[in-house]
Amino acid sequence: MTQLKIKSIELIDEQISVLFEKTWFQEDIVTLSQLLLSKIPDHSIKEATIGADRENIRFLWSSAELILNFDYYSQSCWFSAHNEISSAQIQPLHSVLTNHV
């Protein structure tokens, strides 16, 4: 795999959108998720769901349950809250992610 780098991390409504500099493949998702999750201190992975073209990693951070989503066909990557209570941590998560880009 070619070294994949983050191009941008943007807060859009209640989601955090991540763009990478180059096209990535579904086989790259493990590496991409490690790249992103390594920027989040004290998180713990709760569950990973692998689908035909979409993968989701549910994790706990700062008393919130959040999801890192990947969709290969649309080249989409985003963070979302698992529930309404956790949505309050999207803005702080964005701050953590952008301080490390």
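In which strand does asparagine 69 lie? Asparagine 69 lies in strand E5, and the views below are arranged around that strand.

This is a predicted model, in which local features need pLDDT of at least 70 and side-chain atom pairs count only at pLDDT 80 or more, while totals for chains, interfaces and linings use all residues. Residues are numbered from 1 along each chain as its sequence is written, and side-chain values use heavy atoms, with hydrogens and water left out.

**View 1. The whole chain.** The chain contains two helices and six strands; helices (H or I, at least four residues) and strands (E, at least two) are DSSP runs, numbered from the N terminus. Their order along the sequence is β-β-α-β-β-β-β-α. The C-alpha trace spans about 35 × 30 × 25 Å along its principal axes. The radius of gyration is 13 Å, which agrees with the value near 13 Å for a compact globule of 101 residues; this radius is taken over C-alpha atoms, and the globule rule is 2.2 Å times the number of residues to the power 0.38. Of the 101 residues, 42% are buried, where buried means under 20% relative accessible area, exposed over 50%, and partly exposed in between (1.4 Å probe, protein chains only).

View 2. Strand E5 covers residues 64–71, and eight of its eight residues are buried. One side carries Ala64, Leu66, Leu68 and Phe70.

**View 3. The strands paired with E5.** Two strands pair if DSSP finds at least two bridges between them. Strand E4 (residues 54–61) runs antiparallel to E5 and is joined to E5 by eight bridges. Tryptophan 61 stands opposite alanine 64 of E5. E4 and E5 form a hairpin with two residues between them, and serine 62 in this turn has a positive phi of about 50 degrees. E5 also pairs with strand E6 (residues 76–81), in the antiparallel sense and over six bridges. Here leucine 68 has phenylalanine 79 of E6 as its bridge partner. The hairpin of E5 and E6 has four residues between the strands, and glutamine 75 in the turn has a positive phi of about 55 degrees.

**View 4. The surroundings of asparagine 69.** Asparagine 69 counts as buried because its relative accessible area is 5%. Its side chain makes a polar contact with the side chain of serine 80 at 3.1 Å. The side chain of asparagine 69 also reaches the backbone oxygen of isoleucine 67 at 3.4 Å. A polar contact is a pair of N or O atoms within 3.5 Å; within protein, one must be able to donate a hydrogen and the other to accept it, and residues adjacent in sequence count only if both atoms are side-chain atoms. Leaving aside neighbours within four places in sequence, asparagine 69 is in contact (heavy atoms within 4.5 Å) with residues including Glu55, Asn56, Cys77 and Trp78.

View 5. The whole structure has four salt bridges, each a side-chain nitrogen of Lys or Arg within 4 Å of a carboxyl oxygen of Asp or Glu. Lysine 46 and glutamate 65 form one of them, at 3.4 Å from N to O. This pair links distant parts of the chain, with lysine 46 in strand E3 (residues 44–50) and glutamate 65 in E5, 19 residues apart. Lysine 46 is partly exposed at 46% relative accessible area, whereas glutamate 65 is buried at 12%. Glutamate 65 also forms a salt bridge with arginine 58, with the closest N and O atoms 2.3 Å apart. Lys46, Glu47, Arg58 and Glu65 are linked in a network of salt bridges. Aspartate 71 forms a salt bridge with arginine 54, at 3.5 Å between the closest N and O atoms.

View 6. Six aromatic pairs are present in the structure. Tryptophan 24 and tyrosine 72 form an edge-to-face pair, 6.2 Å centre to centre with 65 degrees between the planes. Rings of Phe, Tyr and Trp (its six-membered ring) pair if their centres lie within 6.5 Å; planes under 30 degrees apart count as stacked, over 60 as edge-to-face and the rest as tilted. Tryptophan 24 is buried at 1% relative accessibility, and tyrosine 72 is partly exposed at 23%.
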